Amino acid sequence: MRQLVSLIRCPDYDYKSVKRAVRDSIELLGGLNSIIQGGEKVLLKPNLLSPKTVEKAVTTHPMVVKAIGELVKEAGGKPYIWDSPSIGSTTWVAKKSGISQIADEINIPVLEDKEIVTLNAPKDFIFTSFEIAKNVLDADLIINIPKLKTHSMMTLTLAVKNLFGVIPGFRKARWHLIAGNKFFARMLIELYLLVKPKLNIIDGIVGMEGNGPGNGIPKKIGLIAASFNALALDRVLVEVLNLDPEIVPTLKEAKRSDLEGWELNKIDIMGYPIDSVKTKRFKLPEHMDVQWGLPRPIKRVLKDTVTVRPYIDLKLCKLCKSCYDICPGNAISIIDDKPIIDYNECIRCFCCQEVCPEGAVKIKKGLFLKIFSH
Ligand code: SF4
Ligand code: SF4
């Protein structure tokens, strides 16, 4: 089956321009009335990773969420906003990122985490069940609203990766241990197939490059893009960013499993052609996969010299302990009021970098990598 992806240029966050771009991107796919029945509850799922102000480009821009919220209401749906941040409550992050203000303006509730429910997976999945927030199951349909960003572990966070937010708060870190780096992309794909958003609209007006998703550099891309298929949207965005899909683990996994959406020649582009919105020199995170087929002791020795690893700039650290709290490998200790990383335990998930509110967790290249990357 062929997939549709719409690409619409949008130069800035002026509300009129954003609403026009969002409306056009949806109309080109067939319009909201093709997916929403009157009175249906619609979860708007932005990226509310952490409590950062809007100009940091960490969270989905409030103008994009506002435009989608208004359009859902016009289509007769009952929207509500929710995401589970890696640190802090939804209310706190929504307030800091400007989402609460627009929600008040257009009279849409921002929900907190309520109950957690277990969702059993089909028999052919590797992971048998997922604990997700009940806010997700309460919706008749989900509109996924990611922010276009880099990701130190998964290269990029686009539509599929944004759905990791349905796992409540600190339970996310546990998945780094359960799935490990090797099966993390598979886990994300299975989670996507389980929650299956009806529509995905990405905020790529100002994205993030470098060491995302929490501490990269804002990058103007000027794009709103939408699709009913999250994988197809991700595949097209990789093309827009001029990157090789093989470096995005979720797309690699989708190709391996032959899922609908990974093949560019089976996607119809609506709106602007890919070439007209291509971004040049998009900076990736300084990461490298460490999962070689070597015995564990050798891998441990080599990974410090060949790969990248997190380190903490103590001059910037304010000792909030978010990195300590989230670290799935229990690799961080607080010694003499300083967070210290034990590299023997560190699994290179970069959760610490993702949650650090001060940008104090940096990435350091191993010796060999330094030599060969110069
Ligand atoms: S490194 Fe960052 S997250 Fe960790 S304690 Fe310091 S400020 Fe907090
Ligand atoms: S120290 Fe950072 S990268 Fe290492 S396991 Fe902990 S959170 Fe992950």
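## Ser129 and strand S5

Let's start with Ser129, which sits in strand S5 (residues 129-133); helices (H or I, at least four residues) and strands (E, at least two) are DSSP runs, numbered from the N terminus. The model is predicted, so local features need pLDDT of at least 70 and side-chain atom pairs count only at pLDDT 80 or more, while totals for chains, interfaces and linings use all residues. Residues are numbered from 1 along each chain as its sequence is written, chains are lettered from A and ligands numbered from 1 in the order in which they are written, and side-chain values use heavy atoms, with hydrogens and water left out.

With a relative accessible area of 27%, Ser129 is partly exposed. On this scale buried means under 20% relative accessible area, exposed over 50%, and partly exposed in between (1.4 Å probe, protein chains only). Setting aside residues up to four places away in sequence, Ser129 touches Thr118, Leu119, Asn120, Ala121 and Trp175, where contact means heavy atoms within 4.5 Å. Ile205, 76 residues from Ser129 in sequence, is 35 Å from Ser129 in space, C-alpha to C-alpha.

Ser25 belongs to helix H1 (residues 15-27) and is buried, at 0% relative accessibility. Its contacts, leaving aside neighbours within four places in sequence, are Ser6, Ile8, Ile201, Ile224 and Ala226. Ser227 is 202 residues from Ser25 in sequence, and the two are 8.4 Å apart in space, C-alpha to C-alpha.

Lys95, in helix H3 (residues 90-97), counts as exposed at 57% relative accessibility. Residues up to four places away in sequence are not counted, and Lys95 touches Ser100 and Gln101. The C-alpha atoms of Lys95 and Lys52 are separated by 9.5 Å, and these residues are 43 apart along the chain.

## Helix H2

Helix H2 covers residues 62-74, 13 residues in total, and reaches 18 Å from its first C-alpha to its last, close to the 18 Å expected at 1.5 Å a residue. That expected span is 1.5 Å times one less than the number of residues. Its buried residues are Pro62, Val64, Val65, Lys66, Ala67, Ile68, Gly69, Leu71 and Val72. Just after H2, Gly76 takes a positive phi of about 95 degrees.

## Where H7 meets H9

Helix H7 (residues 171-195) packs against helix H9 (residues 249-256) at an angle of about 75 degrees, with the axes 9 Å apart. Axes here are lines fitted to C-alpha atoms, for helices over the stretch in contact, and angles run from 0 to 180 degrees between N-to-C directions. The two helices are therefore roughly perpendicular to each other, a label for angles of 65 to 115 degrees; under 35 counts as roughly parallel, over 145 as roughly antiparallel and the rest as oblique.

From H7, Ala185, Arg186, Leu188 and Ile189 meet Pro249, Thr250, Glu253, Ala254 and Arg256 of H9. By class, this contact has 5 nonpolar, 1 polar and 3 charged residues. Ala, Val, Leu, Ile, Met, Phe, Trp, Tyr, Cys and Pro count as nonpolar, Asp, Glu, Lys and Arg as charged, and the others, Gly among them, as polar.

## Backbone details in the loops

Two asparagines are worth a look. Asn107 has a positive phi of about 60 degrees although it is not a glycine; Asn107 lies in the loop between helix H4 (99-105) and strand S4 (116-120) and is exposed at 63% relative accessibility. Asn330 has a phi near 50 degrees, also positive in a residue other than glycine. The loop between helix H12 (322-326) and strand S13 (332-335) holds Asn330, which is exposed with a relative accessible area of 66%.

The peptide bond from Gly212 to Pro213 is cis, with omega near 10 degrees. Pro213 is in the loop between strand S9 (199-209) and strand S10 (217-227).

Ile312, in strand S12 (residues 308-312), is buried with a relative accessible area of 14%. Among the residues Ile312 touches, not counting those up to four places away in sequence, are Cys317 and Ile341.

Ile341 in turn belongs to the surroundings of ligand 2, along with Pro310, Cys327, Pro328, Ile332, Cys346, Ile347, Arg348, Cys349, Phe350, Cys351 and Cys352. This shell has 11 nonpolar, no polar and 1 charged residues.

Note on methods:
Near = heavy atom within 4 Å.
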